[in-house]
Structure formats: C-alpha cells, structure tokens
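Okay, thanks for coming, everyone. Let me put the model up on the screen, and then I'll walk you through a few spots in it.

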Amino acid sequence: MNPKYKHHEYQISRRRKAIDGLNANPEGNAEAIKKLKSEIALLDTERKGFPSREPLDENYKRLRYCRYADDFVIGVIGSKQDAERIFTQVKMFLKEQLNLEISEAKSVIRYSRERIPFLGYDITLYSGERTVKIIRSGRHTTLQSLSQKVSLLVPEKKIVAFCDSKGYGHYDRVESTKRTALLALSDAEIISTYNAELRGFTNFYRLTVAARSRFDKLYYIAQGSMFKTLAAKHNSSMKKEAAKLRVGQDYILRYESGKGIKELKVWKPKDLKVSPLREAWLDIVQDTRKITMARVEITRRLHANTCEYCGKDQGYVEVHHAKKLKDLKGKELWQYQMIARRRKTLVLCIECHKRLHSGQLQDWRFKMYSKVESAVH
C-alpha cells in the first residue's frame, strides 16, 4: 500500500467511527457531525491525489518474461537501476553460458509507457486515473486504482508497408490506385483477393486495442482501390461499380455458379473478430499428448489382431480401404458391415483380404448354416 494513501484512509476511518458514535443523538450533535463530514470530504479529495499502491516500493519486485524463438522481452516492476542490472546479467549469461552475442541495436531499456516493438506488435503500458467503488469494513467507499495494464498496438509502419506492398495506394495522402495485375480476373476473384489480403493482415492484429477502428483508413484506401480496379475492368466509374454492389450497409456481389446464385460479401473492419488479451485461450499451452499418445480407432482395431469378418485371432492383419462409402452397394456382407458402421476401413486377415479382392469372399453366415445342417444330419 502507498503510505500516504493509507494514512488518509486511516484518518477518514477514524472520523467515520466518530460519526457512528454521535448518531445516537443526531440532533444534539448536528454541528459536530457536520464538521467531521467536511473533514472527511477534504481528506477524501487529498486521498484521490495518490495511487492506492506504491509501484516503486523497494520491498516489492516483479519480473515478466516472454520468448519466441530468439526474440524475448522482459518486463520489470521496479526502478531503472533494477532494469539495468538485469540487462547486464542477461548479456553475461548469453555470452558466458550460451556463447551468444546480444544485438546491441535491438536490445534497449525503455520506459513502460513507450512503445516497445515485439513480434510485429507494439507493447505499451496504459495508465489512467480510475476510481472504483468497493465495500470495506461493511461500508461503501472508493479506491483510487493504478489501472495500469499492458496493451498491444498496431505499428503504423506495418500498416503503411502492407498498403504499399499490395498496391492499394498512398497511405499518407489517402489516395487509392487501381491494380492492373488483377484486371484479367473475374469480379468474384478480384473481390476475393482483397478480402483474403485484408482478413489475413487484420486477423494477425486482432489482439490490439480498438482493432476494428485502427484499420478504418486502410480499409478506405483498399476499398477505393478495389472499385477503381473493377471500374477499369468494365470501362465504368467507381460510383457505378459501388452502386451495383450496394446492399443496405454492405457491398455484396451476386454471381452464378454451378450450384446456383452465390453471394460474396466485401470484407469490412466490423467483420473482424477481436480477441481481448483477457481471453483464457491465449495463454493455454496445447496438450500434444492427445496427438502423440492417444490411439485412434483404427489403431486399436489393428492392435486387436482379430479379423473383423471371420473373427479369427491372427498374428498379422491388413486393412481394406474404400474411397467412398457411397461406392459400396451393400450386396456383400463385408460391404454391409462397412456401411452399417459408417467406416471406410475393414480389418481383415490375409486370407479374407485376398478372397475379397478376388471376389470369392464367402458369406460367414453360409459357413455357420452349413455347420448347423451337418450337425443335424
């Protein structure tokens, strides 16, 4: 706790308890209660000028570490001297233990509110004055929170580089250009190209703050480029091409395909599915044991070493594959078995497998009936 904040909190608490004692006779103690309340209001105003926690407390340190391949970032709650000491220790460890030289150009110490580039993102610390309502000792009160949290931002230069590389136009002047390389494509292919490019780029940055609004300018330039490309293809104008696709608030292309009329919607920033940093799935380490250790159904059936047709326990079995279930007619028993189980595989002993491919696989029910008839005779 911040000592100054804690002191004011204690003084407020004393006066509130005094008011509780005077409330037994509120009429006779009206002046005293009024004076105490004015003191509480003054102390509360002063208290709100301090954060409730002391971020540079010498008795409290915290370090966060994140690495991807050979890039890593270290976050420290502490003084600049703490960061410099850790930086020196990291350099010594890399050099003496791992025989690696650190990149002096990329490795720097920065204040947390500055932008720190990492894996294509900019990391920064957002801090805003925030008063939250809490209940303490059965009373409703307020707390001045630090409200500092790590935020991810889209680097401006990344958006500019993407806009230039795709040929959308000039980002700073907000000018769109047509893409002559796409003129030979159909309208659906042109729109699909823009959709795929924008969707792929923005999905990478969906963890950032205000992700949808951050791409409004890029979308405006890309949309103009798309309409200019369609206008050049049809010897028309941007306004006419936009009017042809306008459906309510969206732009939708309707075109014929082998399966009838299809619709292709032009991608917009509002279609981006953002993923806030608080989402639990972001930091889940995937359990790969279900892939490397689990046995799928076909594996279990093979390890059983049992022919699924004749029932013999064999030391070696083989698998018969069907390309499609609809190709099986169900006339033979083995086909009926695969259709009923909705499986495209059948584990067979070598003898049954050979007979199946030669068309001589006998119905095991015929064998069973023959044995019964022999026993009766």
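Quick housekeeping before that. This is a predicted model, so I asked for pLDDT of at least 70 for local features and 80 or more for side-chain atom pairs, while totals for chains, interfaces and linings use all residues. Residues are numbered from 1 along each chain as its sequence is written, and side-chain values use heavy atoms, with hydrogens and water left out.

So, the surface. Which residues make the nonpolar patch? They're Leu-63, Tyr-65, Phe-72, Ile-74 and Val-76, and together they give about 410 Å². For the rules: patch residues have over 30% relative accessible area and no salt bridge, with like charges joined within 9 Å and nonpolar side chains (Val, Leu, Ile, Met, Phe, Trp, Tyr) within 5 Å. The areas are Shrake-Rupley with a 1.4 Å probe, and for residues only the protein chains shown count as cover. Strands β1 (62-68) and β2 (71-77) each put in at least two residues, with β2 giving the largest share, 3 residues. Helices (H or I, at least four residues) and strands (E, at least two) are DSSP runs, numbered from the N terminus. Phe-72 sits in β2 and is partly exposed at 31%. On those words: buried is under 20% relative accessible area, exposed is over 50%, and partly exposed is in between, again with a 1.4 Å probe and protein chains only.

Next, helix α4, residues 156-166. Ile-159, Phe-162 and Cys-163 are buried there. They span an arc of only 100° around the axis, so they end up on the same side of α4; that arc is taken from the directions from the helix axis to the C-beta atoms. What do the buried residues pack against? β8 (169-170), α5 (187-204), α6 (211-214) and α7 (216-234), with contact meaning heavy atoms within 4.5 Å. Over on the face turned away from the buried side, you've got Lys-157 and Ser-165, which are exposed. And just after α4, Gly-167 takes a positive phi of about 75°.

Now the sheet. Strands pair if DSSP finds at least two bridges between them, and β10 has 2 bridges to β11 (residues 250-257). One to look at: Val-247 has Asp-250 as its bridge partner in β11.

Last, salt bridges, meaning a side-chain nitrogen of Lys or Arg within 4 Å of a carboxyl oxygen of Asp or Glu. There are 17 in the structure. Arg-47 and Asp-44 meet at 2.7 Å, N to O. Both are in helix α2 (residues 30-47), 3 residues apart, about one turn, and both are buried. Then there's Asp-82 with Lys-61, at 2.6 Å between the closest N and O atoms. This pair links distant parts of the chain, with Asp-82 in helix α3 (residues 80-96) and Lys-61 in the loop between α2 and β1, 21 residues apart. Asp-82 is buried at 8%, whereas Lys-61 is partly exposed at 41%.

Okay, that's my tour, so over to you.
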